[in-house]
Structures are given as structure tokens and as C-alpha cells.
Amino acid sequence: MTPSDQGLLLLRKAAQDLAVLEKLINDPEISDETLGYHAQQAAEKCLKALLASPKLDYPRSHSIGLLLDLLEAQGFVLPQEFQELELFTPFGKIFRYDELPLEEPQDRSRWPLLIKELYAFAVLKVRDSGD
């Protein structure tokens with residue numbers, strides 16, 4: 001599998017998590033933890049797709065901050081609003097297995113747009129790298 005193919009596969013998987021997030025975001029019966037998990041997964045896959053496309057190795061980690069740092073270390077410039085993605089890391093690690101209260105109330109209504117913007121950004125970059 002070429003780096004571009006790996007990036008596109010990760011983006012297809014990210015799109016699946018984004019679809020769940022968009023479909024369920026307004027359902028009050030779905031917890032912040034569940035929706036945050038899908039947001040975290042979509043963000044993680046998008047960031048890994050960005051790393052995979054130029055054939056950079058990425059760790060098996062759910063840490064959004066680590067992935068952002070790796071991209072930055074490679075000189076990859078991300079729009080500033082994507083630094084906010086780090087708020088999803090606990091949903092992929094801590095809240096996935098533990099019942100801990102969220103420290104702050106979550107404004108989950110903005111999550112799909114943030115993830116959709118990251119997804120669109122990643123699609124453009126990954127497709128450009130395959131040319």
C-alpha cells in the first residue's frame with residue numbers, strides 16, 4: 001500500500017466516524033463521551049492520514065497533541081483552529097474506559113464542524129500528495 005493509499009484509507013475511516021458524529025450530535029440520549037469518542041477517532045485518523053501521505057511513520061497513539069506535534073516537527077503547517085483538537089484526546093483514552101465526570105460542560109454542537117473542517121483539509125493535502 002502506498003503512503004497515499006494509506007492516507008486515503010484513514011480518511012475513509014475518519015468519514016465513518018464523522019458520519020456517526022453528525023447523525024447523533026443532536027440526540028440527547030447520546031452521551032458526550034460517546035460523541036467525543038467518535039470526534040476523537042475522526043480527528044486521530046485525519047491527522048494520521050496527513051502523516052502517512054508523505055510516508056511518515058505515526059505511533060499507535062490516541063493522543064491528538066502528540067500527532068499535532070509530529071506534524072509540526074515535520075514542518076507541516078496546520079490552521080490555528082486545529083490546535084483545539086487536543087480537547088478530544090481524553091475521549092479516546094480516559095473516557096473510553098472510565099466513568100469520570102467531564103471537567104467542563106461541553107459545547108458538542110460545534111464538534112461536527114471542527115471535525116468536518118479538519119477532514120476537508122486532510123482530504124486536500126492527502127490527494128495533493130498522491131499527484
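This report describes the helices, the nonpolar core and the aromatic pairs of a predicted model.

## Basis of the description

Residues are numbered from 1 along each chain as its sequence is written, and side-chain values use heavy atoms, with hydrogens and water left out.

Helix H2 covers residues 32-52; helices here are DSSP runs of H or I with at least four residues, numbered from the N terminus. From the first C-alpha to the last, the 21 residues of H2 reach 29 Å, close to the 30 Å expected at 1.5 Å a residue; the expected span is 1.5 Å times one less than the number of residues. Of the 21 residues in H2, 18 are buried (buried means under 20% relative accessible area, exposed over 50%, and partly exposed in between, with a 1.4 Å probe and protein chains only).

The largest nonpolar core has 34 residues. Such a core is a set of buried Ala, Val, Leu, Ile, Met, Phe, Trp, Tyr and Cys residues joined through side-chain atoms within 4.5 Å. Helices H1 (3-24), H2, H3 and H6 each supply at least two residues of this core, and the largest share, 10 residues, comes from H2. Leu47 and Phe88 are among the residues with the most contacts inside the core. Leucine 47 touches Ile64, Leu67, Leu68, Leu71, Leu78 and Leu118, not counting residues up to four places away in sequence; contact means heavy atoms within 4.5 Å.

## Aromatic pairs

The whole structure holds five aromatic pairs. Phenylalanine 76 and phenylalanine 121 form an edge-to-face pair, because their ring centres are 6.4 Å apart and their planes stand at 80° (rings of Phe, Tyr and Trp, the last by its six-membered ring, pair if their centres lie within 6.5 Å; planes under 30 degrees apart count as stacked, over 60 as edge-to-face and the rest as tilted). This pair links distant parts of the chain, with phenylalanine 76 in the loop between H3 and H4 and phenylalanine 121 in helix H6 (residues 111-129), 45 residues apart. Phenylalanine 76 is partly exposed at 22% relative accessible area, whereas phenylalanine 121 is buried at 17%.

The pair of phenylalanine 88 and phenylalanine 91 is tilted, with 6.4 Å from centre to centre and 50° between the planes. Phenylalanine 88 is buried at 0% relative accessibility, and phenylalanine 91 is buried at 2%.

Technical notes: This is a predicted model: local features need pLDDT of at least 70, side-chain atom pairs count only at pLDDT 80 or more; totals for chains, interfaces and linings use all residues.
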